Amino acid sequence: MEFDIVHFKPEYSNVFKSLNLEWIEKYFFPEEIDLKVLNDPENEIIKKPGFILFAIHENLILGTGAIVKEDEHWELTKMAVSNQHQSQGVGFHLAIELIALVKNYSPTTIKIVTNTVLKKAVNLYKKIGFKEIQDKNNLKYARGNIFFELKV
């Protein structure tokens with residue numbers, strides 16, 4: 001399937017929130033940090049700095065993802081693809097575009113916090129080149145039980 005990748009617009013805020021809540025509520029529960037980011041993506045991601053991208057096909061948003069500056073590293077976060085459009089390359093292309101966007105900021109490390117229950121996501125991150133790390137200090141998400149980083 002062909003799709004375009006576009007940058008965040010305020011009118012996409014509700015779709016950003018609903019796509020992410022779809023997967024979070026399917027496997028876990030929304031945590032305080034999720035709701036903070038999903039309710040105010042402009043301040044919690046864009047202005048930190050960060051980027052939010054969307055994959056769109058014929059005015060239908062298929063998926064979204066974000067990357068945000070967190071202290072000394074960047075975090076790939078809030079990756080979500082609608083159930084009916086998974087395994088079609090949407091998440092892969094979003095992640096690659098997000099990583100490319102931050103290269104202008106000379107990052108050394110991009111990290112991901114996820115959960116082993118999300119097998120497709122874990123496989124996607126490995127395919128891109130992320131390596132599993134031990135990061136017991138990252139308590140950002142209660143559901144986080146596997147951590148990845150990509151040396152850039």
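How many strands form the open sheet, and in what order do they come? There are seven, and they line up as 1-2-3-4-5-7-6, with mixed pairing. Keep in mind that you're looking at a predicted model.

- Going from one strand to the next, the twist averages 30°.
- Strand 1 is joined to strand 2 (residues 50-57) by four bridges, and these two strands run antiparallel.

- Thr64 sits in strand 3, which covers residues 60-70.
- Is Thr64 buried or exposed? Thr64 counts as buried because its relative accessibility is 0%, and the cut-off for buried is under 20%.
- The side chain of Thr64 has a polar atom 2.8 Å from the backbone oxygen of Leu53.

**Strand 5, tucked inside**

- Six of the six residues of strand 5 are buried, so this strand is largely enclosed by the rest of the structure.
- In a regular strand, side chains alternate between the two faces of the sheet.
- Here, Thr109, Lys111 and Val113 point one way from strand 5, while Ile110, Ile112 and Thr114 point the other way.
- Strand 5 runs parallel to strand 4, and two bridges join the pair.
- Across from Lys111 in strand 5 you'll find Glu75.

**The largest pocket**

- This pocket has a volume of about 780 Å³.
- It's lined by 38 residues, and the closest to its centre are Met79, Lys120, Ala121, Leu124 and Tyr125.
- Which elements give two or more residues to the lining? They are helix 1 (13-27), strand 4 (73-81), helix 4 (90-102), strand 5 (109-114) and helix 5 (119-128).
- Helix 5 gives the most to this lining, with seven residues.
- As for the make-up of the lining, its residues divide into 18 nonpolar, 13 polar and seven charged.

Technical notes:
Residues numbered from 1 in each chain as written. Predicted model: local features only at pLDDT ≥ 70, side-chain atom pairs only at ≥ 80, totals over all residues. Heavy atoms only, no water. Pairing = 2+ DSSP bridges. Axes fitted to C-alpha atoms, helices over the stretch in contact; angles between N-to-C directions. 1 Å grid on protein atoms, 1.4 Å probe; cavity = no way out; pocket = protein on both sides within 12 Å on 5 of 7 lines; lining within 4 Å. Points joined across faces, edges and corners; volume = space filled by probe spheres on them. Nonpolar A, V, L, I, M, F, W, Y, C, P; charged D, E, K, R; others polar. Buried < 20%, exposed > 50% of the residue type's maximum accessible area, 1.4 Å probe, protein only. Polar contact = N/O pair within 3.5 Å; in protein donor to acceptor, adjacent residues only side chain to side chain.
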